Amino acid sequence: MKTEKNDRTEAPRTKSKARSSEVVVPGIAVSHGVAVGLVYDTTDPPAETPHRAIPADAVDDEKQKLAAAVAFSRKQVGKLKTRIGVLPEEAQEELEPLLDAHLMMLGNSRLIRGARKRIETELLGAETAVQEEAEEIRAVILAAKDDDKAGLARRANEVRDIARRLVRNLTATPFRSFKDLPEGCILVSEELTPADAALLDPSRVAGVATEEGGADGHTAIMLRALGIPAVLGAPGLTEAVQRGDQVVLDGTAGTVAVHPSAATLATAKEKLTAFAKERAKLSKLRRLPAETTDGEAVELQANLEIPQELPLIAQAGAMGIGLLRTEFLFMNREDLPDEEAQVEAYTQIVGAMDGLPVTIRVLDWGGEKDMEALAEGVAPGHAGSNPALGLRGLRMLLKRPELLEVQFAAVLRVAAAHSDSHVRLLLPMVTVPEEVRQAREVYERVARRLRRRGEKLPEKLPPLGVMIETPGAALAADAIALEADFFAIGTNDLAMYTLAVDRAEAEVSHLYDPLHPAVLRLVQFATEAALRLRMPVSVCGEMAGNPQLTPLLLGLGVRTFSMNASALPRVKQAVRALDIGDCARFARRVMEQSDPARIRELVAGFAEGVIERA
Ligand code: PEP
Ligand code: MG
């Protein structure tokens, strides 16, 4: 989240019009469930940014910072404006003039001119200058002799809101505390980064709704993992609610109903009861095998993004961790976790899994998974114009092998200390076989060093696998398979890179489609390349957790699935209702299609016919 810590003592924001009739803001349904609660919006900056003075020689820099924040804020508001078109007419009529006023104030307005002048003449930091200028303008507006007090208050609030946006952008910090969120709140914000989501406590946050974000971005994945109902990519949301508003958030339908009607509330309560019943029914599956009706065993494992998920993984009855995303170790901190810290973290997880397989993926930094500790000094200008196509995943680790060495060493030590464990290592964002060869050289070098240090490593090192998550890797899967010990197909990035659609970007989310035939053909090609060599292959992208897609993936030959723990019982239910022969015939039929809409229809039809009646 690009905002500062909240001021919880502050009174709720007043919007341009008081509204009490229901307004439904649509978004992307990213995490199942319904939540009814009061909005806690985190778009407010702290009420008091410390007063900051600057030396005379910093004036130019500070003016540049202000100009950059103004430009960024204009971009934000402009983007909001283009997206409110999908809102109900009533909400559009309300929001449009407000956003126009904001854009005007981000032009050559008194606020901006005044702030600039304060930087020059009073030697103030940009955020202090903006705050002081905004306060003065507000005082003048509120003191005006005008009978339209509501109109004056509205104008004063507009100045305050735009000043807040500027201050937020000027004082951006990724380090936030969500500890004090009111219990049962619905967290609303423009944007939530994966690092922010990692800080949420699911026992306090009933639901999350944001303006930005896509269905399979890491924020969405994190929210699903935490089991928090969520709607992302909901344009106009932050303008449509204010702190303390009651909302009904439906993470299955992808809607946020602000000031819900009695009928909406009643429906929400029914859905909550139905969810609770379904959960109770699914929990009975925990101890039953994941086996098809014709006796084929299927391995259902869990993805883990943060250690807090371990109890959920146990509850779900997962047969191991098929994807341990180690990014959590690097998030929300300024330094890097050393070997000992990593040993401690992996020990906790491997120990908790008690001999079940644990596949540890080395750091997948880059793209939307930006981390402070690595952002500076690692690769200046690392972001480039296309961060997702730049120094991400293994590419970065091979540039900085010391990071890879620390991670390999920690995993090898934990694997050696748990001789009954089944630990595997996984490489993210591979495109060419040579990268795997280089990583293996580092791996073997680290193992030799550890042995010299007296570590008792097994003769055969833990398997080193490759994520198949780029079209390049999928199409060269036969060549990469010769270098890898196993494959894990990451359908999230595979869909993103194949379709050239950012998985976390709301604007293009309608084009993000893992059922696009191009994506399915790559999954099929990579799976077959592995099966030909009798090499283990799993699917660990979000497709694996969608029970509607279970027949198709089984039919393509996949027998190991790794998914967020909350999805596992439904997938097990699907597996137990399916026959492998039927799945293979169904997959052949799907793979003959070229139209994604037709594929979706077939998939839904098959699921309805077999799984949903189970
Ligand atoms: C994927 O890309 O499908 C995957 C599992 O990796 P991540 O979501 O962590 O990028
Ligand atoms: Mg990936």
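Student: How far is an oxygen atom of ligand 1 from an N or O atom in the side chain of Arg392?
Tutor: Happy to start there! This is a predicted model, in which local features need pLDDT of at least 70, side-chain atom pairs count only at pLDDT 80 or more, and totals for chains, interfaces and linings use all residues. Residues are numbered from 1 along each chain as written, chains are lettered from A and ligands numbered from 1 in written order, and side-chain values use heavy atoms, without hydrogens and water. For Arg392, the pair (N or O atoms within 3.5 Å) is separated by 3.4 Å.

Student: Which residue has a polar side-chain atom 2.8 Å from an oxygen atom of ligand 1?
Tutor: Gly490 uses a backbone N or O atom, 3.4 Å from a ligand 1 oxygen. The side-chain atom at 2.8 Å belongs to Arg361.

Student: How much of the accessible area of ligand 1 does the protein cover?
Tutor: On its own, ligand 1 has 290 Å² of accessible area (Shrake-Rupley, 1.4 Å probe). Of this, the protein covers 100%.

Student: Which element gives the most to the shell around ligand 1?
Tutor: Nice one! The shell (residues with a heavy atom within 4 Å) has 17 residues, and Arg325, Arg361, Gly490, Asn492 and Arg503 come nearest. At least two residues each come from α7 (218-226), β10 (321-325) and α18 (491-499). With 3 residues, the most is given by α18.

Student: Which residues outside its sequence neighbourhood does Leu427 contact?
Tutor: Contact here means heavy atoms within 4.5 Å, and neighbours within four places in sequence are left aside. The partners of Leu427 are then Val362, Leu394, Phe408, Val436, Ala439, Leu464, Gly465, Val466 and Met467.

Technical notes: A polar contact is a pair of N or O atoms within 3.5 Å; within protein, one must be able to donate a hydrogen and the other to accept it, and residues adjacent in sequence count only if both atoms are side-chain atoms. Helices (H or I, at least four residues) and strands (E, at least two) are DSSP runs, numbered from the N terminus.
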